[in-house]
Amino acid sequence: MRAALKEALSRGWVRMVALVCAATVGARIAGAVLSSEIHFSATLAEPGKFSRLEVALLLIGAGISIALFFRRFGPILCIIFRSKKDKDFSLHPIGRRMWDFFWEVLCQGKVIRQRPLPGLAHAFVFWGFLAFALVSLNHLANPFGLAFLRPASYVGNFYFLFAAIWALLVAVSITALFVRRFLARPIWLGEKLSYESGVIAFLIFLLMVSYLGAFFVGDGGAAVKALWWMHTLTLLVFLPLIPHTKHLHLVLSPLTVFLKRDGFSKIPPLSSDEDFGLIAGKDVTQLISLQVYSCVECGRCTEHCPASNTGKVLNPKEIVLGVQSYLNQSGPASDAPLLTEALVESRDNPPARYMSMEAAFECTTCGSCEYQCPVGIQHLPIIIGLRRGATNTGAWEDTHGTKLFLALEKQGNALGLSAMERDKFIQKQGFPIFDGTQEYCLWLGCMGGYDPKGREIVADFARVMRYLGTSFGVLKKEKCTGDPARRLGNDLAFQTMAESGLKSFEATKVQKIVSICPHCVRTISNDWREYGIAPEIEHHSEFMARHKDRLPQQNSGESIVYHDPCYLGRYRDVYEEPREIVARAGELVEAPRSHERSFCCGAGGGLAFLGEETGERVSHVRAAELVATGAKIVSTACPFCNTMFRDALSSMGDAPPQLLDIAQLTARALPTMQKTGER
Ligand code: SF4
Ligand code: SF4
């Protein structure tokens, strides 16, 4: 039956017939109302009396409904409470939590902003539910003589009419959402049709219609009673379905949004020396359990995921649902591994395929999934947690990964080059060594210190600083921040790097740091906090935007498309500063996906140092999108994006757009005498 229905719905003509039928029924109802076959009364008709048998039936029905609800909800609560405690959890800052609750839950701000039309339809259903809470309570209290809202009273009559408006909005919205899910079927909702969603949508529709119907039946006893029972039975069937379906988010998501970890894409500290990350069920924390049971399966995370969009196995929604189904099957005390070893072993088993090591290590940590999720699920602590479990225990074996970790350990930089190379570059550029007298420490990072293009960016940014008369120096010895080790789950390597960096800053009495790399900025300002507080650090876009009035302006009139780096935009909320710089150099063009919705370059999460990607290359997809804007220049504000686009653009015809960092755009306008040193 299900298969037949699925097959039927997949055919265009069946969808068309269904649409025509729906339109005909709607038109018939509207026609009946307009032609006065049905009379609208401004007062809700409610049954006056209930027999003892009816009261008994209601009590039995309610008892069964509540019991069935807790039959599933009870075990879920047990799983959440029995999961490991989150060591770092704190309700602080409470103000931010209350704001998120107000904006994301009560205003449905995130839902509407990310997908305006379906979001608004969803918001109407949610607000309608809130408006209906009193009506439903009153409805069930009526047979016991405990009704607190009476149609005859002014307050009651007003409220019932107010709820009727909401009932109408909910009925229309749920119909639209049904049509979208079952007839339009956007791909990110998944290939599988969710029949339970169809049933729930029908029940919500029935709830609204049975309520609205009571305005059209006058005082007719039997009809009023029939509508009352229809409404009640629908409520009693609806309640136990909630915990058995993804509609559990109705109960859990307000809590999930309120309790989510403070900070975007924050990687929590390991709880003890015995904690190696998410290896098995016993490592899953209460916050993760709560979050995975709140998933509404909307697919927003997958829709925006660069890995999912380029043919890789990683699917953030399936990671969340994979942890959920693991907890259902094995429980939070299990020692069974969360990740399957290899894709090849799990090819015929979709859940295992999505929970594979391959999938976990395909994440660029771009944060799109977490940014998009409307119910406060934080994917990065889960995905990085899974990587930690695999890397810290040696279960992840990857030649590129091993080479990277060895390079960090032996050379102190991710490119595996000798520190002498950096020394030579510093000397050629004439960069002073930081000695505590300069205002800024210019942090080079692995890319700025060792990569040829990264060096060009640093050199041009140093010219800008010199032009402004800002004193700066570079550290005599500088190691990687540990960003790739951190994101690939190697906690020991990361800790070594972080502690070494903090000691260098302390020894040289650094007060302010500036860097061309958003990954370094994020890691030093945020991740290092686990081991100490680093001096204040800012990105060169913030620095230049702050000094823009003192910088020469030379608008060439060329069109420049700016690519938002994930670690500068979503991670640091810096969108306008680099645009201010770009707009001074030429005509700013926006890519179709920009700002918070920017598409990753593919380098983050340590992936710049791993081997070939499967499927399409993320950098090529993004570069093609930037080229399609027709801009003459592609501008970036991250040396990793720059290196990824360098390769991608070189494979795109004979005359690809020029690729320039915002520091290079600014340096172009400086007097040539400001150019110091060789590159
Ligand atoms: S962080 Fe980015 S790459 Fe990783 S799962 Fe989320 S959307 Fe996909
Ligand atoms: S994790 Fe969030 S965004 Fe992804 S499907 Fe679930 S609710 Fe939607």
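This is a predicted model: local features need pLDDT of at least 70, side-chain atom pairs count only at pLDDT 80 or more; totals for chains, interfaces and linings use all residues.
Residues are numbered from 1 along each chain as its sequence is written, chains are lettered from A and ligands numbered from 1 in the order in which they are written, and side-chain values use heavy atoms, with hydrogens and water left out.

The protein chain contains 29 helices and eight strands, taken as DSSP runs numbered from the N terminus (helices, H or I, at least four residues; strands, E, at least two). Its C-alpha atoms fill a box of roughly 95 × 55 × 50 Å along the principal axes. Of the 679 residues, 54% are buried (under 20% relative accessible area, 1.4 Å probe, protein chains only). Among contacts (heavy atoms within 4.5 Å) between residues at least 6 apart in sequence, 78% join residues at least 24 apart.

Nine cavities of 30 Å³ or more are present. A cavity is a set of points, on a 1 Å grid over the protein atoms alone, where a 1.4 Å probe fits but cannot get out; lining residues have an atom within 4 Å of a point. Grid points are joined across faces, edges and corners, and a volume is the space filled by probe spheres set on the points.

The largest cavity has a volume of about 200 Å³. Its lining comprises 19 residues, of which Pro 268, Pro 269, Asp 275, Asp 283 and Thr 285 are the closest to the centre. Helix H17 (residues 379-392) supplies the largest share, three residues. The lining divides into six nonpolar, four polar and nine charged residues (nonpolar: Ala, Val, Leu, Ile, Met, Phe, Trp, Tyr, Cys and Pro; charged: Asp, Glu, Lys and Arg; polar: the others, Gly among them).

The second largest cavity holds about 140 Å³. Leu 44, His 139, Tyr 211, Ala 214 and Trp 228 lie nearest its centre among 15 lining residues. Helices H6 (116-141), H8 (195-213) and H9 (221-244) each give two or more residues to this lining, and H9 gives the most, with four. Here the division is ten nonpolar, four polar and one charged.

Around ligand 2 there are 13 residues, and Cys 295, Cys 298, Gly 299, Cys 301 and Cys 373 come nearest (a heavy atom within 4 Å). This shell includes eight nonpolar, two polar and three charged residues.

Helix H21 (residues 452-468) is mostly covered, with 13 of its 17 residues buried. Just after H21, Gly 469 adopts a positive phi of about 75 degrees.

Definitions and conventions. On a 1 Å grid over the protein atoms alone, a cavity is a set of points where a 1.4 Å probe fits but cannot get out, and a pocket is an open set with protein on both sides within 12 Å along at least five of seven lines; lining residues have an atom within 4 Å of a point. Buried means under 20% relative accessible area, exposed over 50%, partly exposed in between (1.4 Å probe, protein chains only).
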